Structures are given as structure tokens and as C-alpha cells.
Amino acid sequence: MHVLVTGCAGFIGSSLCERLLADGHAVTGVDCFTPYYGRPIKEGNLAAFRTHPRFTFRELDLSADPLADAVAPAEVVFHLAAYPGLMKSWTDFDLYSRHNLTATHRLLEAVKGRATLKKFVYASTSSVYGKYASGDESLPTRAGSPYGVTKLAGEQLARVYLDEFAVPTVVLRYFSVYGPRQRPDMGYHLFIRSVLAGTPIPLTGDGLQVRGNTYIGDCVEATQRAGFGAMPGEVFNLGGGELTTIIDVIRRIERLTGKTAVVERKPDRKGDQVATAADVTKLYRHLGWKPTTGLDEGLTAQIAWQRETKQ
Ligand SMILES: NC(=O)c1ccc[n+]([C@@H]2O[C@H](COP(=O)([O-])OP(=O)(O)OC[C@H]3O[C@@H](n4cnc5c(N)ncnc54)[C@H](O)[C@@H]3O)[C@@H](O)[C@H]2O)c1
């Protein structure tokens with residue numbers, strides 16, 4: 001099949017592209033290298049498959065550039081491009097509004113009415129639930145940050161384009177994803193980098209925040225299953241199976257690296273989640289998916305990648 005992956009140079013997008021190419025699909029990847037983190041890191045993500053004969057890269061900004069050519073051949077769209085992270089969204093709302101909302105709207109407009117399009121997967125987030133993101137898809141959405149609000153509005157746009165124009169949209173709510181290529185601003189990445197370098201880990205909150213994070217391989221498996229198998233209109237939680245606390249993750253990293261962590265307590269951050277634990281029963285019922293990677297296994301892979309790439 002011909003698929004389009006937006007955000008193809010990012011953490012999850014690049015991992016998804018590699019998987020889709022390995023499965024034999026023709027992949028068009030779109031990215032505009034937003035400066036949320038360094039372009040060299042994103043170029044490094046892309047390098048793994050940029051010259052693959054079935055891969056076409058388009059450097060396009062979804063919020064501004066013409067999209068008709070890029071979307072034309074797509075039978076399945078995986079829309080992962082976004083401006084991520086909670087903290088910056090408090091101070092630069094226009095940026096989030098542009099990359100998460102305007103970009104999504106323009107992409108939906110570009111695919112509207114295309115008879116060849118079979119599925120449009122929108123990558124959403126547990127942040128749409130807010131501070132307590134534990135449960136199934138019936139939890140009320142109470143986004144706790146401007147980032148979460150823009151992602152939730154993107155979900156609503158996807159629904160509107162399904163209702164009014166039959167764009168076959170599916171929503172996946174990712175619960176923090178980790179593993180090789182994880183963004184450099186994300187918790188596990190910061191913890192591992194600090195432990196390997198012997199520098200203090202900035203710990204916000206009391207460390208007892210509950211997390212049910214998702215290994216990248218499991219996330220990619222569920223995402224591609226949704227792209228080829230989910231019913232349009234469905235919303236799914238996509239999270240890892242093993243619940244833990246932040247402090248337990250740090251202890252595991254100590255054990256797996258053989259190094260001691262130096263923890264430096266920092267004040268709570270506005271909008272931080274207290275608990276995230278996805279009930280993924282629905283994803284199993286619809287698509288037979290369950291997370292299969294344990295936390296020690298996933299952390300071991302991420303530690304090896306950070307050691308190798310010196311990130
Ligand atoms: N990483 C996680 O744990 C996590 C959790 C919940 C939801 N998500 C969602 O998953 C998706 C991917 O996240 P990620 O962690 O891989 O982020 P990422 O920042 O690594 O990747 C996103 C990519 O999108 C690109 N992009 C942003 N705006 C664009 C635009 N207007 N036009 C073209 N490209 C654009 C960026 O340059 C970047 O390469 C996002 O939609 C994010 O909201 C991620």
C-alpha cells in the first residue's frame with residue numbers, strides 16, 4: 001500500500017516509517033524539522049531509511065505549504081506531526097495552535113474527498129485526560145495544559161471530518177512512549193543521560209507519580225494495526241502494560257547501568273500528570289494488540305541506544 005507518515009523525522013514517526021518499509025509499503029514522509037529539538041537528531045532518525053527505494057521524503061510544513069501532491073497517492077495517512085511537550089505550550093500557544101491545529105486542519109482538507117483514502121490515523125495523547133489519565137476511553141477529557149487542549153481539538157477536527165466528509169479517521173491516544181530515539185526532552189531520556197554522565201536528575205513532584213509508559217516497538221505495532229485494521233470513528237488508548245513510579249524507573253536505570261543516580265528535587269510543573277495508566281482492553285478487542293515489551297527490556301534497549309549515540 002502507499003502510506004503517508006507526517007512527522008517522519010521525529011521519534012515515533014521515524015520508527016513507524018522503518019516498520020512500514022520493512023513490511024513492504026511505499027512510504028511518503030513529511031516533516032519540516034521544527035526546532036523543538038535539534039535538526040541533526042531528526043536527520044539522524046531519517047538517515048536510517050532516507051535512501052530506501054520505496055521511501056520519498058518531502059520537506060513540507062503542513063501548516064503552510066501546498067499538500068495536494070504529497071497526499072495524492074496515500075491510501076493510509078498516519079498523522080504524527082505535532083509540536084510536543086507540555087511546558088513550552090504555556091508560553092508559546094501560537095506555535096502549538098499552528099503545528100497541532102492548523103496543520104491538522106490543512107491535512108484533513110487536503111485528503112477530504114479522496115476516494116483512494118482508506119484510513120487516517122491521528123496520533124493523540126493521554127494529555128487529553130489531564131492529571132489523572134488512568135482508565136479506558138470513557139474517562140472524561142480534562143486536558144491540563146495548552147498542549148493537551150490543542151491535541152484534543154485535533155481529535156475533534158478528525159471527528160468532524162469523518163462526520164461531514166467521510167474522512168475515515170481513527171484516534172490513538174498514546175501514553176508516554178520510550179525506547180531508542182526517544183525525544184531528548186522526555187523523562188526517561190533525561191534520566192538515562194544524567195545517570196550515564198553522573199549529573200543530577202531534575203525530579204519534579206515526589207517521584208511517586210504512576211506511569212504506564214509504552215515501548216516504541218509496541219507503539220509502532222499498534223499504530224500500524226490501526227492504520228490497516230481499525231474501524232473509522234474509533235478512539236483507542238495505546239499504553240504499556242507495566243505500571244511503575246518515576247522513582248522506581250530511576251532505581252531500574254541505576255541497576256541496568258551499574259551507576260548511581262543523583263536526584264535533585266525540583267518544584268512541580270504546571271500541567272504535569274499525577275498518574276497515567278492506559279486500559280487497553282479496547283485495542284485488544286478490536287485489533288488483538290497487547291504490549292509485549294517489559295520495562296527492563298525496553299529500558300535496556302534505550303540505555304544501549306543512548307550509550308551508542310552519546311545522546
Ligand atoms: N512521544 C510520546 O511519548 C507521545 C505521547 C503522546 C502523544 N504523542 C504524539 O505522537 C506524535 C509524535 O510524537 P514524537 O514524540 O515522535 O514527537 P517528535 O517531535 O519527535 O516528532 C514530531 C515531528 O513532527 C514534525 N512536525 C511538527 N510540526 C510539523 C508541521 N507543521 N509540518 C511538518 N512536520 C511537522 C517535527 O519536525 C517532528 O519531527 C505527536 O503527535 C505527539 O503529540 C507522543
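At what angle do helix H9 and helix H11 pack, and how far apart are their axes? Hi everyone, let me start with that one. Helix H9, residues 246-257, packs against helix H11, residues 295-309, at an angle of about 60°, and the two axes are 10 Å apart. Please keep in mind throughout that this is a predicted model.

The crossing of H9 past H11 is right-handed. If you want to find the contact on the screen, look on the H9 side for Arg252, Ile253, Leu256 and Thr257, which meet Leu295, Asp296, Leu299, Thr300 and Ile303 of H11. By class, the residues of this contact are 5 nonpolar, 2 polar and 2 charged.

Now stay with H9 and look at another partner, H7. Here the axes of H7 and H9 come within 10 Å and cross at roughly 45°. That angle makes H7 oblique to H9. H7 goes past H9 in a right-handed crossing. On the H7 side we have Tyr188, Phe191, Ile192, Val195 and Leu196, and they meet Val249, Ile250, Ile253, Glu254 and Thr257 in H9. This contact divides into 8 nonpolar residues, 1 polar and 1 charged.

Let me move to another helix pair, H5 and H6. H5 covers residues 93-111, and its axis comes within 9 Å of the axis of H6, with a crossing of roughly 10°. H5 passes H6 in a right-handed crossing. The H5 residues in this contact are Phe93, Tyr96, Ser97, Asn100, Leu101, Thr104, His105 and Leu108, and on H6 they meet Pro146, Tyr147, Thr150, Lys151, Ala153, Gly154, Leu157 and Tyr161. Sorted by class, that contact has 9 nonpolar, 6 polar and 1 charged residues.

While we are at H6, let me point out two residues. One is arginine 159, which sits in helix H6 itself. Arginine 159 counts as partly exposed because 16 C-beta neighbours lie inside 10 Å.

Is serine 145 buried or exposed? It counts as buried, because it has 23 C-beta neighbours inside 10 Å. Leaving out residues up to four places away in sequence, serine 145 touches Leu86, Ser89, Trp90, Ser127 and Gly271. For Ser127, the C-alpha separation from serine 145 is 7.7 Å, across 18 residues of chain.

Let's zoom out to the domains. The domain assignment gives domain 1 as 2-175 + 215-238, and domain 2 as 178-211 + 242-277 + 293-309. Taken over C-alpha atoms, the centres of the two domains are separated by 25 Å. How many residues are in contact? There are 23 residues of domain 1 touching 18 residues of domain 2. On the domain 1 side, the elements giving two or more residues are helix H1 (11-22), helix H2 (39-47), helix H4 (87-91), E6 and helix H8 (216-229). That side has 12 nonpolar, 9 polar and 2 charged residues.

Finally, something for those of you who like backbone torsions. Arginine 181 is not a glycine, yet it has a positive phi of about 80°. Arginine 181 lies in the loop between strand E8 (177-178) and helix H7 (187-197). With 26 C-beta neighbours inside 10 Å, this arginine counts as buried. Lysine 310 also has a positive phi, near 55°, and is found in the segment after H11.

Definitions and conventions. Residues numbered from 1 in each chain as written. Predicted model: local features only at pLDDT ≥ 70, side-chain atom pairs only at ≥ 80, totals over all residues. Buried ≥ 20, exposed ≤ 12 C-beta atoms within 10 Å, placed from the backbone. Contact = placed C-beta atoms within 7 Å. Axes fitted to C-alpha atoms, helices over the stretch in contact; angles between N-to-C directions. Helix = DSSP H or I, 4+ residues; strand = E, 2+ residues; numbered from the N terminus. Left-handed = near helix turned anticlockwise from the far one by under 90°. Nonpolar A, V, L, I, M, F, W, Y, C, P; charged D, E, K, R; others polar. Domains from an automatic or database assignment. Parallel < 35°, antiparallel > 145°, perpendicular 65-115°, else oblique.
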